[in-house]
Amino acid sequence: MKSRGTKFCAPTRSFFNDMRKPVTVRQIQNLDKIAIERYGIPSLVLMENAGRAVAEEVKKYLRKKERPRVCVVCGSGNNGGDGFVVARHLVNAGILAKIFIVGKIQQLKYDAAINYQILQRMECPVVECRGTKFCAPTKDIARADVVVDAIFGVGLDRTIAEPFRSVIETINREAKYVVAIDIPSGLDGTNGKIYGVCVKADKTVTFSFPKKGFFKNHGPRQTGRVVTVDIGIPEQVIRKVLVDRL
């Protein structure tokens, strides 16, 4: 009697080539939602994959530098959580990292709070920037070989106010090299417009797909070099976003 054997789970590789196709903010949000709610991928796993991928890009840039310094500037949402993951992986690689959060640590929720707590257990201090004025880490930003922008993600839909505005202006004025997580803070991912002020990145490490706003209006001037990375979204979800055009 012949054995039937087992079937392989074979991907359709052509869909991975479609990671170059730009999508809207709504599409990328639907992609994440489907992966989490229908496929059961914990959002914490996606955040870990995202942060690790950004950290790898930062390490590539720092490869030839002696005793490199990195400044990670975080918001209180998921983008900030990605920043905490980036900082952890950089510290684990022996890179000096200074971490700031714009706002109150108490505002952190869910996955971002978990990754903040991990840093605390590692005895990595996170400095709060509160009030109407920046907390004056200008020297840290100026001295850093890389500043990681982890303030706002693609969900931003309002004009940027203080203290975020001053933070972004300080980064643009003082930073030597800026890596933006997923999108430069202040840029609309769909139409490329700016919400009052926007980080000017040298490199944007974006997740799953580039965003349409990268190529419209102010987008090309703010994103720098765009690198698209895979964070573990199933191919079936990718197909749904690309073909069904959610």
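Modeller: Let's begin with a term we'll need: a crossing is called left-handed if the near helix is turned anticlockwise from the far one by less than a right angle, and right-handed if it is turned clockwise. Keep in mind, too, that this is a predicted model.

Now find helix α4, residues 78-92, and helix α5, residues 110-121. Their axes lie 8 Å apart, and the two helices pack at an angle of about 25 degrees. Angles under 35 degrees count as roughly parallel, so α4 and α5 are roughly parallel to each other. As for handedness, α4 passes α5 in a left-handed crossing.

Which residues touch? On the α4 side you'll find Gly-81, Phe-84, Val-85 and Arg-88, and they meet Ala-112, Asn-115, Tyr-116, Ile-118 and Leu-119 of α5. Sort the residues of this contact by type and you get six nonpolar, two polar and one charged.

On to the charged side chains. Side chains of opposite charge can pair when their charged atoms come close. Searching the whole structure turns up eight salt bridges, and a few of them are worth a visit.

Start in helix α3, residues 43-62, where Lys-59 and Glu-56 sit three residues apart, about one turn of the helix. Their side chains meet in a salt bridge, 2.9 Å from N to O. Lys-59 counts as partly exposed because its relative accessibility is 26%, and Glu-56 is partly exposed as well, at 37%.

Helix α7, residues 164-174, holds a pair too: Glu-169 and Arg-165, four residues apart, again about one turn of the helix. The closest N and O atoms of their salt bridge are 3.3 Å apart. With 32% relative accessibility Glu-169 counts as partly exposed, and so does Arg-165 with 29%.

Next comes the bridge between Asp-140 and Lys-98, whose closest N and O atoms are 3.3 Å apart. This pair links distant parts of the chain, since Asp-140 is in helix α6 (residues 138-143) and Lys-98 is in strand β2 (residues 96-102), 42 residues apart. Asp-140 is partly exposed at 25% relative accessibility, while Lys-98 is partly exposed at 33%.

Last stop: Glu-57, Lys-60 and Lys-203, which are linked in a network of salt bridges.

Methods: Residues are numbered from 1 along each chain as its sequence is written. This is a predicted model: local features need pLDDT of at least 70, side-chain atom pairs count only at pLDDT 80 or more; totals for chains, interfaces and linings use all residues. Side-chain values use heavy atoms; hydrogens and water are left out. Axes are lines fitted to C-alpha atoms, for helices over the stretch in contact, and angles run from 0 to 180 degrees between N-to-C directions. Angles under 35 degrees count as roughly parallel, over 145 as roughly antiparallel, 65 to 115 as roughly perpendicular and the rest as oblique. Contact means heavy atoms within 4.5 Å. Ala, Val, Leu, Ile, Met, Phe, Trp, Tyr, Cys and Pro count as nonpolar, Asp, Glu, Lys and Arg as charged, and the others, Gly among them, as polar. A salt bridge is a side-chain nitrogen of Lys or Arg within 4 Å of a carboxyl oxygen of Asp or Glu. Buried means under 20% relative accessible area, exposed over 50%, partly exposed in between (1.4 Å probe, protein chains only).
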